[in-house]
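Here is a walk through one protein model, one kind of contact at a time. Keep the 3D view open and look up each residue as it comes along.

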Amino acid sequence: MIQETLGKTFEPRDVEPRWYRYWEESGFFGADPASGRRPFCIVIPPPNVTGSLHIGHAFTLTLQDVIVRWRRMSGFDTLWLPGLDHAGIATQTVVERQLAKEGRRKEDLGREAFERRVWEWKDESGGTIARQLRLMGYSLDWTRERFTLDATLSRAVREVFVSLWEDGLVYRGNYIVNWCPRCVTALSDLEVEVAAENGSLWHIRYPAADGGQGIVVATTRPETLLGDTAVAVHPEDERYRHLIGRRVILPVLKREIPVVADAFVDREFGTGAVKITPAHDPNDFQAAQRLGLPAVEIMDERGVLNGNAGPYAGQDRLEARKGIVNQLSAEGLLVKSTPHQVPLGRCQRCDTVVEPRLSNQWFVRTGPLAEPAIQAVEDGRIVFVPENWSKTYFEWMRNIRDWCVSRQLWWGHRIPAWTCGGCSELIVAREDPTTCPKCGGTALVQETDVLDTWFSSGLFPFSTLGWPEKSADFRRYYPNDVMMTGFDIIFFWVARMIMLGMRFAGDVPFRKVFINGLVRDEKGEKMSKTRGNDVDPLAVIEKHGTDALRFTLTALAAPGTDPSLGEARLLGYKAFVNKLWNAARFTLMNLAGDRASAGDVAALPLPSRWILSRLQDVAGSVNAALEEFRFDQAAGALYHFLWDEVCDWYVECSKVLLADATEAPRARAVLVEVLEASLRLLHPIAPFVTEEIWQRLPHEGPSIMLAGFPKPDPTKRDPSAEEEMGRLMRLVTAIRTIRATYEVEPRRRIDATVVAGGTRDREFVARHEALVKSLARLESLEVVASAPDAARTINQPVGAVELRIPMAGLFDLAAEKTRLSKERLKVMDELDGLRKKLENPQFVQRAKPEVVAQSRERVAELEGRLAKVAATLQEMGG
């Protein structure tokens, strides 16, 4: 069969959509439970339906696709299950903003109409992520796509919630939660962004009830003193021991409150005395429960002070702060105010300052769920990669608090609880009740809160497979094999999947958890839109192509590190894709008819035996690296092999072999074998360019993604060929280095002599004379046993032999000496300036560490260059 040739350049825009459409329409992404192959299952960390693909998604999902494509090619029945998260607060906020532009609020529509509006928006805009996932080439089984509000997943959510209720693991209670006055809902810790902000530390005197001086407390939130029910000191603090049990006067409201002792007080902070505001601080709430103190709420759900705030009722919390500070100052109770860095939490969605608020919420008792989840990691049923993340997991799980699962939203899984209007009976049920089981009344009112988004996400590994039905998919693909995600949601998602999966699906949800790092910019800074250093993966695809981005992300994925992504790396790996393309063009241009056999491997010329042996080593390395989630090592091995060995060496050697009519057929066969196997090795990382080239080569099967992943063939390993080729490469490299050092014109052929005292060494060089002359662009190559030293000759030891190249006619000797002398002076001047700078203690102490490090690196670089120039001048007699 005659193969089509490739265009001069790889055009991702033309290639990528064509092949993805072919793969998807052909059903190649689909899992097949009836295949009889070993199953491999992984679920996507479901992106929010509101979002678009960011570089963090691209990083995690590229690594997932590498694993999935590798497993599929290795003979597994792979299921990579796609899905989207309904993202309660994020989605509701988007639609509320749309309504605001229309001059309306959700309350104007009512709950049912608002929910319909959100579904309409989801149907219109929810496909954005799916389109972007396709652009990245991800081989997801789209026939099994899920959404966390689908009917089947909603059934699973209700089943889990009701079961937990029946087991006494769900309850309602008052507790301090993160509260957003703008969104009017409780927030998870992940939905709160905490950062240090400039604030103040106010020192306020609470006079003694008996007329004494009382005590001075320090606080960053003076407005909350209206809800104080005590002042606390450390029980071992000698300064205040005499005040414990006595009473002081609460400023502004003038009521008496006690001085109490509790070990949670930090004696080193402020004055060592703190106000206790149980309804508006989580630590104070816990202390109040220990000490039996009441909780007084002073704010409503929108952060406006209520009737308990006395004269400040009706004022916004931050407005009231100013008034209270002024009143304290006027009454002589404000001792002082100092600047202070305050760790302030803001709502991730609207940037409003979050208020710790005592609220009646639904909670899950996590203790009974956490113990088995801890045990599963301790006994190795679940393994974290890198292993150190298990310590983070244990630390959180062993200090776990009950989980607040209710949210004051309209979009989400509505809590399946009803209150009877006749007898106040609380009914939690799998199906919507019509009558009260206690009194028979029909006036039933459903709970208005919805469940935390993480509740439904925590069921994703099994709810997406049909649970609570024991479906064929559930029986085959649960537990999943691996969970791959970012470190920031170990607590919020990974831990909850483990807890809920073990309790309801009967086993751990996955066997391994791979935690990837955070993608940073080229300077190591965290990416963000506000910094202006964020990278849009779609813009990168438009500029460099998907394969270049995927290879870059894979090459950077060293476990336990945060990769630094920059334009230079992207350009470098784009060049790699083009290098592969050019090697394929060369191979295709030299094909002649159908694929022939290379014949007896042992009888092949050295370069062919060497490259086939190296191919086996690389196949073994890539398989081993992917098995251990060492994506960086897999990418590095392929990059080095294809660029340095296939393209830079074997393709060049093959030009010599192809010129020999006897060797040409075998050389073509080896070229095709190496290129075809390399494409299969590379396909999981760079799927588009590999498919485009593979389809032009002699091949079997409809797609490279269904071809077998290469495994090492022991019969083609040849250590002696690798050693011998290494010697040859070192000799050629030495000649190339001399040519580059003396700036010999690339096309010019030069003379060289190899002095080899040993017979075997002379035979080795003579045996490969044609290759050496071609690769090093030599006019002549003389091999001698010995030779006297000659003037103006470049002498270079290369292992057991010595390379000699006459300078005469090689270049303009006088001009070269002048050029090098000038370069030496220039290097010395720069080196002198840098050394003086580094000897200056003020520079070292005041400059940024990276600037100092760069200066030291430059000194080392210049010292090396200076030594090289000096040595070259000495060889020239200068």
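A residue counts as buried when its relative accessible area is under 20%, as exposed when that area is over 50%, and as partly exposed in between. Keep in mind that what you're looking at is a predicted model.

Val184 has a relative accessibility of 12%, so it counts as buried. You'll find Val184 in the loop between strand E5 and strand E6 (185-187).

Phe629 sits in the loop between H19 and H20. With a relative accessible area of 7%, Phe629 is buried.

Then there are the cis peptide bonds. One runs from Val385 to Pro386, with omega near -5 degrees. Pro386 belongs to the loop between strand E15 (383-385) and helix H11 (389-397). Another cis bond joins Trp467 and Pro468, where omega is about 15 degrees. Look for Pro468 in the loop between helix H13 (460-463) and helix H14 (472-477).

**Rings meeting rings**

Trp467 turns up again when we look at aromatic side chains. How many aromatic pairs does the structure hold? The count is 38. Are Phe462 and Trp467 buried or exposed? Both are buried.

Aromatic residues can also gather in groups. Phe161, Trp165, Trp362, Trp403 and Phe455 make up one aromatic cluster.

The charged end of Arg134 is placed over the ring of Trp142, 3.9 Å from the ring centre. Likewise, Arg736 lies over the face of Trp649, and the distance to the ring centre is 4.6 Å.

**Salt bridges**

Searching the whole structure turns up 61 salt bridges. Here are some of them, with the N to O distance.

| Arg172 | Glu447 | 3.4 Å |

Start with Arg172 and Glu447, which form a salt bridge. This pair links distant parts of the chain, 275 residues apart: Arg172 is in strand E5 (residues 170-180), while Glu447 is in the loop between strand E20 (444-446) and strand E21 (450-451). Arg172 is partly exposed, at 38% relative accessibility, whereas Glu447 is buried, at 12% relative accessible area.

Lys254 is partly exposed, at 47% relative accessibility. Glu331 is partly exposed as well, at 36%.

Glu425, at 27% relative accessibility, is partly exposed.

Salt bridges can also join up into a network, and one such network links Glu96, Arg105, Lys106 and Glu107.

**Two helices side by side**

Now go back to the helices on either side of Phe629's loop, H19 and H20. Helix H19 (residues 606-627) packs against helix H20 (residues 631-658) at an angle of about 170 degrees, and their axes are 10 Å apart. Why are H19 and H20 called roughly antiparallel? Angles over 145 degrees count as roughly antiparallel, and the angle here is about 170 degrees, so H19 is roughly antiparallel to H20. Sorted by class, the residues in this contact are 18 nonpolar, 3 polar and 2 charged.

**Apart in sequence**

Ala752 is in strand E26 (residues 750-755) and counts as buried, at 2% relative accessibility. Its C-alpha atom is 8.8 Å from that of Val783, which is 31 residues away along the chain.

Asn48 belongs to the loop between strand E1 (39-43) and helix H2 (55-73), and at 28% relative accessibility Asn48 is partly exposed. Between the C-alpha atoms of Asn48 and Gly88 there are 9.1 Å, with 40 residues separating the two along the chain.

Terms used. Residues are numbered from 1 along each chain as its sequence is written. This is a predicted model: local features need pLDDT of at least 70, side-chain atom pairs count only at pLDDT 80 or more; totals for chains, interfaces and linings use all residues. Side-chain values use heavy atoms; hydrogens and water are left out. Rings of Phe, Tyr and Trp (its six-membered ring) pair if their centres lie within 6.5 Å; planes under 30 degrees apart count as stacked, over 60 as edge-to-face and the rest as tilted. Buried means under 20% relative accessible area, exposed over 50%, partly exposed in between (1.4 Å probe, protein chains only). A charge sits over a ring if NZ of Lys or CZ of Arg is within 6 Å of the ring centre and within 35 degrees of the ring normal. A salt bridge is a side-chain nitrogen of Lys or Arg within 4 Å of a carboxyl oxygen of Asp or Glu. Helices (H or I, at least four residues) and strands (E, at least two) are DSSP runs, numbered from the N terminus. Axes are lines fitted to C-alpha atoms, for helices over the stretch in contact, and angles run from 0 to 180 degrees between N-to-C directions. Angles under 35 degrees count as roughly parallel, over 145 as roughly antiparallel, 65 to 115 as roughly perpendicular and the rest as oblique. Ala, Val, Leu, Ile, Met, Phe, Trp, Tyr, Cys and Pro count as nonpolar, Asp, Glu, Lys and Arg as charged, and the others, Gly among them, as polar.
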